[in-house]
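Student: I am new to this structure. Please take one part of the chain and go through it closely.

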Amino acid sequence: MDETEFWELVDATREAAEGDPEEQADLLVDRLLALDPEMVLDFARHFEARFNRAYTWDLWGAAWILLDGVSDDAFDSFRCWLIGQGREVYEGGVHDPDSLADLLADFDEEIDGDGEELGYAADEAYEQLTGTVAPDLGIPPATSEPLGAPVDLESDRVLAERYPKLWERFRG
């Protein structure tokens with residue numbers, strides 16, 4: 001599975017789920033079950049690489065604004081959700097987290113921002129296909145701390161200055 005096929009699966013399931021992350025995860029498992037186990041592992045590698053790449057302080061600050069505070073676990077779920085939004089939103093958010101103010105047409109913190117189940121879709125499909133737990137994916141693990149300069153997540157002033165568009169749209 002190449003990168004284009006990865007994003008096509010993400011996009012197709014998001015559109016079919018009409019933006020509901022839990023429904024998207026269920027649809028993703030269904031689509032992955034139609035593939036052979038090695039393709040499912042390829043999907044998992046693409047997902048995990050993007051999940052690790054999004055482990056940055058800058059993105060955590062954006063998630064903090066969008067969700068009015070984000071724990072470690074909630075940030076993991078946010079990164080899964082961000083991948084589930086498709087290539088344009090994901091790449092834009094990773095490159096310039098403040099651009100999420102423009103890239104997200106709608107955002108409901110009751111529904112959006114939590115894509116934890118998306119993070120388990122490939123593992124679930126692999127187990128259903130093979131009856132075994134997915135092997136190690138062979139990609140480098142995430143760093144122990146987010147990449148980049150730490151952001152004072154507790155300071156409204158810092159967040160408003162660092163993410164002016166997000167702050168105006170979601171907290172202003």
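**A close look at helix α5**

Helix α5 covers residues 72-84, which makes 13 residues, and from its first C-alpha to its last it reaches 19 Å. At 1.5 Å a residue, 18 Å would be expected, and the span of α5 is close to that. The model is predicted, and the protein chain has an average pLDDT of 95. A score of at least 70 is reached by 100% of the residues.

The buried residues of α5 are Phe75, Ser77, Phe78, Arg79, Cys80, Trp81, Leu82, Ile83 and Gly84. Their cover includes α1 (3-16), α2 (21-33) and α3 (37-53), as well as α4 (57-67), α6 (87-95) and α7. One of these covering helices, α7, spans residues 100-103 and has the lowest mean pLDDT among the elements of the protein chain, at 95. After α5 comes Gly86, with a positive phi near 100°.

For another part of the chain, take helix α8, residues 121-130, whose mean pLDDT of 98 is the highest among the elements. Glu127 has its place in α8. This residue counts as partly exposed because its relative accessibility is 39%, a value between the 20% limit for buried and the 50% limit for exposed. Leaving aside residues up to four places away in sequence, Glu127 touches Thr132 and Val133. From Glu127 to Ala62 the separation is 65 residues in sequence and 34 Å in space, C-alpha to C-alpha.

Definitions and conventions:
Residues are numbered from 1 along each chain as its sequence is written. This is a predicted model: local features need pLDDT of at least 70, side-chain atom pairs count only at pLDDT 80 or more; totals for chains, interfaces and linings use all residues. Side-chain values use heavy atoms; hydrogens and water are left out. pLDDT is the predictor's confidence in each residue, from 0 to 100. Helices (H or I, at least four residues) and strands (E, at least two) are DSSP runs, numbered from the N terminus. The expected span of a helix is 1.5 Å times one less than its number of residues. Buried means under 20% relative accessible area, exposed over 50%, partly exposed in between (1.4 Å probe, protein chains only). Contact means heavy atoms within 4.5 Å.
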